[in-house]
Amino acid sequence: MNQTGIGKFIAKRRKEKQLTQAQLAEKLNITDRAVSKWETGKCMPDSSVMLELCGILGITVNELLSGEEVDMESLEKKADENLIALKRKDENNMTKNVVVSVLFSMLLLTGIMICLICNLAVSGRLTWSPIPVSSIIFAWLVLLPGTLFGKKGIVMSCASLSVFLIPYLFLLSRLVEVKQVFSVGVRIGAVSVLFLWVMVIIFGRVRRKPAALGIAFLTAVPFVLGVNIVLSKMIGEPIFDVWDLLAVSVLLLLSAASFLCDYAGKKGLIKK
């Protein structure tokens with residue numbers, strides 16, 4: 001699959017439709033920077049916009065993946081070639097992800113072994129090591145789907161976090177012998193997990209990354225207040241102090257900056 005050829009074909013069809021990169025990006029609800037990357041062969045259109053892109057350019061998916069107009073005689077052959085190319089690409093990506101996942105797992109296993117060996121060498125029995133070991137295993141359970149499946153694994157990682165968070169906090173509270181670790185941790189964890197799911201939805205639905213960032217920063221404000229309310233009820237912390245004011249101000253500024261970048265990108269004010 002020739003990404004450079006596909007990029008040139010996209011640019012050719014876009015110009016035939018008398019569309020600028022910014023206009024095409026606006027129709028697809030993405031940034032013109034993404035369109036530029038397609039046309040220079042740096043990356044391929046995401047599957048979520050591929051059908052819509054083909055509709056706008058007046059081509060088929062096979063023609064897009066072939067990087068040229070396909071006549072009826074060679075349609076079946078090109079379709080088979082494109083399917084094989086996509087399958088090979090997916091297999092290569094999966095192989096890389098498996099290698100990364102194995103290295104990641106080996107690294108964490110090494111950390112577990114170091115903790116256990118050091119604890120036994122110093123104390124002669126397991127005293128403090130179960131705490132970092134349980135945390136490492138929890139991190140492995142949450143992060144492995146993301147390293148193994150890439151973007152598709154993000155939802156799986158969030159699901160894993162949602163499932164294993166409460167058992168982990170319960171085990172941790174027993175290991176450190178502090179009940180508040182569980183009682184406070186569950187409430188803070190519930191707010192945090194909810195926030196992560198909201199982020200997954202935002203970045204999954206909003207294709208323009210600056211706009212998604214702006215919404216994310218803006219959404220973080222009520223979650224900060226939610227965490228403060230939980231802490232106030234559980235341990236008597238003030239609901240709002242000067243540091244919270246600073247955090248909220250920074251989030252609002254980052255949100256405004258992200259929306260401005262998105263607006264500038266849509267209007268073509270940011271030069272590539």
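Colleague: What pattern does the protein follow when read along the sequence?

Modeller: The pattern is α-α-α-α-α-α-α-α-α-α-α. It comprises eleven helices and zero strands, where helices are DSSP runs of H or I with at least four residues, strands are runs of E with at least two, and both are numbered from the N terminus. The model is predicted, so local features need pLDDT of at least 70 and side-chain atom pairs count only at pLDDT 80 or more, while totals for chains, interfaces and linings use all residues. Residues are numbered from 1 along each chain as its sequence is written, and side-chain values use heavy atoms, with hydrogens and water left out.

Colleague: Why is Ser134 counted as buried?

Modeller: Buried means under 20% relative accessible area, exposed means over 50%, and partly exposed lies in between, with a 1.4 Å probe and protein chains only. Ser134 has a relative accessibility of 9%, and therefore counts as buried. This serine belongs to helix α7, residues 130-149. Over the protein, 33% of the 272 residues are buried.

Colleague: What makes Lys42 exposed?

Modeller: Its relative accessible area is 66%, so Lys42 is classed as exposed. Lys42 sits in the loop between α3 and α4. With neighbours within four places in sequence set aside, Lys42 is in contact with Gln3 and Lys37. Its C-alpha atom is 8.4 Å from that of Gly7, although these residues are 35 apart along the chain.

Colleague: Which residues of helix α4 are buried, and why are they said to be on the same side?

Modeller: In α4, residues 47-57, the buried residues are Val49, Met50, Leu53, Cys54, Ile56 and Leu57. They span an arc of only 155° around the axis, which means that they lie on the same side of α4; the arc is that of the directions from the helix axis to the C-beta atoms. Exposed Leu51 and Gly55 are on the face turned away from that buried side. The cover over the buried residues of α4 includes α1 (3-16), α2 (21-28), α3 (32-39) and α5 (61-66). Just after α4, Gly58 adopts a positive phi of about 75°.

Colleague: Why is α2 described relative to α3 as it is?

Modeller: The axes of α2 and α3 come within 8 Å and cross at roughly 115°. Because of that angle, α2 is roughly perpendicular to α3. Angles under 35 degrees count as roughly parallel, over 145 as roughly antiparallel, 65 to 115 as roughly perpendicular and the rest as oblique. Axes are lines fitted to C-alpha atoms, for helices over the stretch in contact, with angles from 0 to 180 degrees between N-to-C directions. At this crossing, Gln21, Ala22, Leu24, Ala25 and Leu28 of α2 meet Asp32, Val35, Ser36, Trp38 and Glu39 of α3.

Colleague: What makes α9 parallel or antiparallel to α10?

Modeller: The axes of α9 (residues 180-205) and α10 (residues 209-235) come within 10 Å and cross at roughly 170°. Therefore α9 is roughly antiparallel to α10. This crossing, too, is right-handed.

Methods
Contact means heavy atoms within 4.5 Å. A crossing is left-handed if the near helix is turned anticlockwise from the far one by less than a right angle, and right-handed if clockwise.
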